[in-house]
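Subject: Structure for your files, with notes

Hello,

Please find the structure below. My notes on it follow.

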Amino acid sequence: MKPAVLTGEHYMTGDEACAEGALAAGCLFFGGYPITPATEIAEHMSERLPGVGGTFIQMEDEIAAIASVLGAAWAGQKSMTATSGPGFSLMMENIGLAACTETPCVVVNVQRAGPSTGLPTMGAQGDMMQVRWGSHGDYEIIALAPCSAQEIFYQTITAFNLSERYRTPVFVMTDEIIGHMSEKVIIPPADQIKTEWRPKPQGRKDRFLLYKPGPNGVAPMPAAGEGYNVHVTGLTHDEKGYPVMSVEAQHQMMTRIKRKILGNLDDIIMTESHQLEDAEIVLVSYGISARTCLAATQQARGMGLKVGFLRLITIWPFAEAQIQALAQRVKGFVTVEINLGQIHLEVMRSAMGKVPCHLVGHHGGTIISPDQVLAKIKEAFPCP
Amino acid sequence: MYKQITITGFGGQGVVLAGKILGQAAAIEDKLESTLVQSYGPESRGGACSAQVTIADGPIYFPYIQNPDILVCMSQSGYDKQYPTIKKEGVLVIDQDLVKPVDEREHFAIPCTRFAEELGNKMMANIIMIGFFTAITGVVTQEAARNTVQGSVPKGTEQKNLKAFDRGWEFAQATLKGRRHKAAGQVGVVA
């Protein structure tokens, strides 16, 4: 049997790297329903999980899949699912339940072009707002967007760690292109991989409060069967977990759900800067489109243009402060994404009208080429 | 070094596996960097499909190939679609029984599907092509390609597939020998 951490050098797809990252993070439950282009994650987990003592279940649909993931989390396991747009839409109701019940879990969305069934075998980045706002009500989630197979491996581990640390669903937003692209993935020895677990309750079991936050705003979480009386509901609840229909209870619950994310932005938000020191024009991108921007930045510099690149690794919560700070000193932003302007809107919001913000995007189905980015730079910021 | 290789053919010919073997040979055995992207339609057999492999000694940002340095065609439709994209100084490699070139451009040709049938299994045409390709282009080493073939094919078929690889390799040696005035008998006329 292969170990959970497959130490060594591999040539694997982004989807396979995602599954290996989950296993390395200690995930022992996958509940899913196959969908192109995320099926390979499920396939790989179904091969690997039984060998490391885990459980793989193919449920009857995506609604049941995410429900099983929440159930496994409350049984004390690190759990996940992987899907694409149509399945992601079906999962939205229970994603809200995960946010409300502060259930740690990881959901991977290997994006394909939509809306509806769209282009199953062709990539896009059109679910970036859906992941933020797809379920009803105000809530906070964390979403990451890796840009290579190697990074998918690491960010899947990070997604599990953040979900455990903050008792929240965490999303790994990849796409068909990196999901199906093969690259070198180096998996380190198990003892070099940092894995975290949800804080466990201490003290008297009969006085335990399921939603009483600790110092970082996150409440410890027992597993079912450990002797704590737990009541888990999607109704507005008090710290005990009991439904309370009042403005005060709603205020207290929502404040906790928002604060544990918004109060820890420095810990959650990850970005990567490329040649921003003297940049006048800043590209902003994530996921597969970040690779377009890396090539475009290199080519633009070769032409003497002062172009830099801010790569968003954490998409939600949004890197508002970083964009605000750049807006004080640069000439403008160009957001590059395979949609018709989603994160672009966030960049505009954060720049607060100080500098122009442009978009290089399209309807989905293929990658954006560096030439398109360079053309936009020249058009929007003509040399004097 | 920065080589962009496009392999085209029908779904079912092992085009994507050929791309995966080349990419893996480069990335894992030869310690280079490599990306493989594939395009395919909803059908699993018979439709046009292609594999795009980039091999470099530094980071690869953009994995898609607009103008390949090396174009390998295992079907006429793949050739018709991709031939206009090949770089001016690029190398064209074809299965000569399946592709009829439209012009006099110099190219390397092997009847790999016929050879595979002679070896008893049409499915091995892609492995013969890898052997041929490796010897002609030198973008991956013989040892790397051969080891990766061995590790990538179904258990129990390793010896047959290695024989197929060697068949392609040897045919390339004969081809290169015939062009001694160009390649001076060396392995790898483009690398």
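**Notes on the model**

Strand β5 (residues 105-113) of chain A runs antiparallel to β6(A), and two bridges join them. Helices (H or I, at least four residues) and strands (E, at least two) are DSSP runs, numbered from the N terminus, and two strands pair if DSSP finds at least two bridges between them. Within this pair, Arg112(A) is opposite Gly123(A) of β6(A). The two strands make a hairpin with five residues between them, and Ser116(A) in the turn has a positive phi of about 55 degrees.

Before going on: this is a predicted model, in which local features need pLDDT of at least 70 and side-chain atom pairs count only at pLDDT 80 or more, while totals for chains, interfaces and linings use all residues. Residues are numbered from 1 along each chain as its sequence is written, and chains are lettered from A and ligands numbered from 1 in the order in which they are written.

**Backbone points in chain A**

Glu102(A) has a positive phi of about 50 degrees, although it is not a glycine. Glu102(A) lies in the loop between α4 (85-100) and β5 of chain A.

There are also cis peptide bonds to note. One runs from Thr36(A) to Pro37(A), with omega near 5 degrees; Pro37(A) sits in the loop between β2 (29-32) and α2 (39-48) of chain A. Another joins Trp316(A) and Pro317(A), with omega about -5 degrees. Pro317(A) belongs to the loop between β13 (314-316) and α11 (320-327) of chain A.

**Domains of chain A**

Chain A is assigned domain 1 (8-192) and domain 2 (273-380); such bounds come from an automatic or database domain assignment. The centres of the two domains, taken over C-alpha atoms, are 26 Å apart. Their contact takes 23 residues from domain 1 of chain A and 22 residues from domain 2 of chain A, where two residues are in contact if their C-beta atoms, placed from the backbone, lie within 7 Å.

On the domain 1 side, the elements that give two or more residues are β6 (119-123), α5 (128-133), β7 (142-144), β8 (169-175) and α7 (176-180) of chain A. The most come from α5(A), with four residues. By class, this side has 16 nonpolar, four polar and three charged residues. Here Ala, Val, Leu, Ile, Met, Phe, Trp, Tyr, Cys and Pro count as nonpolar, Asp, Glu, Lys and Arg as charged, and the others, Gly among them, as polar.

**Where chains A and B meet**

In the contact between the chains, 17 residues of chain B meet 15 residues of chain A. On the chain B side, α1 and β2 are the elements that give two or more residues; β2(B) gives the most, with six. That side divides into ten nonpolar, five polar and two charged residues.

β9(A) and β2(B) run antiparallel and are joined by two bridges. Glu183(A) has Thr35(B) in β2(B) as its bridge partner.

**The sheet across both chains**

Which strands make up the open sheet, and in what order? Eight strands form it, in the order β1(A)-β9(A)-β2(B)-β3(B)-β1(B)-β4(B)-β5(B)-β6(B), with mixed pairing. The edge strands, each pairing on one side only, are β1 (8-13) of chain A and β6 (108-110) of chain B. From one strand to the next the twist averages 20 degrees; axes are lines fitted to C-alpha atoms, for helices over the stretch in contact, and angles run from 0 to 180 degrees between N-to-C directions.

Strand β2 (residues 33-39) and strand β3 (residues 48-56) of chain B run antiparallel, joined by seven bridges. Val37(B) is opposite Gln52(B) in β3(B). Helix α1 (residues 15-29) of chain B packs on the sheet, touching β1 and β9 (182-187) of chain A as well as β1 (2-10), β2 and β3 of chain B. The direction of α1(B) makes about 10 degrees with that of β3(B).

**A helix pair in chain B**

Helix α4 (residues 125-137) and helix α6 (residues 158-178) of chain B pack at an angle of about 40 degrees, with their axes 7 Å apart. They are therefore oblique to each other (under 35 degrees counts as roughly parallel, over 145 as roughly antiparallel, 65 to 115 as roughly perpendicular and the rest as oblique). By class, their contact has twelve nonpolar, five polar and two charged residues.

Regards
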